[in-house]
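Visitor: I would like a close look at a single part of this model. Please start there and then go on to whatever connects with it.

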Amino acid sequence: MPEKPVYVTQPTLAPLEEYMEILKGVWERGILTHNGPLVVQLEKELKEKLAVDHFTIVSNGTIALQMAIKALELKGEIITTPFTWVATVSAIKWEGCTPVFCDIDPETLNIDPAQIEKLITEKTVAVMPVHVFGNPCDVKAIEEIARKHQLKVIYDAAHAIGSFVDGTSVLHWGDISATSLHATKLFNTAEGGACITKDADLDARLKRIRFFGHNEVKDIVEDGFNGKLTEIHAALGLANIKYYDRVLEDRKKKYNYYRSGLEGVPGLQFQVTKTGETNYSYFPVIFPSEEILLRVEKNLNAHNFFPRRYFFPSVNLYNNIVGYQPTPVSEDIAKRIMCLPLYFQLKEEDMIQIINLVKEG
Ligand code: T4K
């Protein structure tokens, strides 16, 4: 049994000395925020690393989603998935739009494109799918539906840095992709997020919205707000980015280690990738019943392992914030799914124990 608790994740952090070295410049310049040189540099490095067109760093992934809705001037119904973190839906609501829930594919755990069209009404303005656990959505089917009905597409790509479709970043897809750089994500700036788009004008608008609606000479030209990331956070990102490739590679190895250790265990199911390549950022296991899940969770906790029930419950059941709309697949899977610990520093001996405890059922 590990001495210290093993949680579902742990942030990957560059050595402290490397972070301090970058912070020295912040102290010298005295510029702490307002899209300073480190934010600009991190934007450039991430843009190049991910080979995307435009990259706007913001203070967190929820603000990135809100900014995407604001920049596209959406008002009306947005079709989204109930199998997600509550932020997907709160962003829609905070921007004055109405979430409409489309059920998920039971294998990919992403929005089921075959069920989107029947939910489209004259009030529908956009689709907001989530690349759940980094698993790319069926982006081509979604694009076709959006084109046909003239809808905008915003991807909640909170988990999807490092995922690919046709050999390029999945963040290319949609009018805007919004990602998260939160401490629990594969690449982190403690708190942080970003909007990615192919459209230069839209990117310029996102950058204005992020900064109170200022243009270059600080006139107010947009209905903006404060979505800025600090230099302190950007410094962490610049320290961490050197380890990005290693972390990505390690995730895949560890994912496959769990998979082969749990292969063939009766009743267990795993997320299926049907489009592109996932970044293996989470290791979700679907149990045959909630009863078995709760038993395994209790046993793991007793041995100092703390997996997490991402995403439970299905968001359409948060009826204090959204009206109930039935999505039986999501509701069922949400009860039976749990993410096992998966992060760079996780030890093999811990993975072996976790595998054995899950196998005990
Ligand atoms: N869309 C989707 C699909 C999302 O999943 C999220 C966020 C968003 C949008 C919004 O992005 P942000 O606005 O957050 O950038 C986490 C995160 O707070 C959240 O970012 C994430 N998704 C969500 C899935 O999970 P919790 O409730 O798991 O956090 P917590 O505190 O229980 O942490 C889990 C484990 O991680 C802990 O047991 C220990 C470890 N940990 C955590 C933190 C925060 C650390 O070791 N260090 C840390 O600093 O929420």
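Visitor: Three strands form an open sheet here: in what order do they lie, and is their pairing parallel or antiparallel?

Guide: A caution before the answer: this is a predicted model. The strands of the open sheet follow the order β11-β12-β14, and they pair in an antiparallel manner. β11, residues 269–270, and β14, residues 337–340, are the edge strands. Each of these two has a single partner strand, so one side of each has no neighbour in the sheet.

The pairing can be followed on the sequence. Strand β12 covers residues 283–286 and is joined to β14 by four bridges, the two strands running antiparallel.

Next, look at the loop between β13 (305–306) and α10 (328–336), where F311 is found. The peptide bond leading from Y310 to F311 is cis, and its omega is near -10°. P313 is found in the loop between β13 and α10 as well. The bond from F312 to P313 is also cis, with omega near -5°. D166 is not a glycine, yet its phi is positive, at about 50°.

Y310 leads on to the ligand. There are 24 residues around the ligand, and Y310 is among those that come nearest, together with T62, D156, H159 and R308. By type, this shell consists of nine nonpolar, 12 polar and three charged residues. Two helices, α3 (61–71) and α4 (86–94), each contribute at least two residues to the shell.

Some contacts can be given as distances. In T62, a polar side-chain atom is 2.6 Å from an oxygen atom of the ligand. For S180, the distance from a polar side-chain atom to a ligand oxygen is 2.7 Å. In the side chain of K185, an N or O atom lies 3.0 Å from an oxygen atom of the ligand. The protein buries 75% of the 920 Å² that the ligand exposes when taken alone. As for its location, the ligand sits in the largest pocket.

To return to your question, the order to remember is β11-β12-β14, with antiparallel pairing. The edges of that sheet are β11 and β14.

Notes:
Residues numbered from 1 in each chain as written. Predicted model: local features only at pLDDT ≥ 70, side-chain atom pairs only at ≥ 80, totals over all residues. Heavy atoms only, no water. Near = heavy atom within 4 Å. Polar contact = N/O pair within 3.5 Å; in protein donor to acceptor, adjacent residues only side chain to side chain. Areas by Shrake-Rupley, 256 points an atom, 1.4 Å probe, with all protein chains shown as cover. 1 Å grid on protein atoms, 1.4 Å probe; cavity = no way out; pocket = protein on both sides within 12 Å on 5 of 7 lines; lining within 4 Å. Sits in = over half its atoms within 2 Å of the grid points. Nonpolar A, V, L, I, M, F, W, Y, C, P; charged D, E, K, R; others polar. Pairing = 2+ DSSP bridges.
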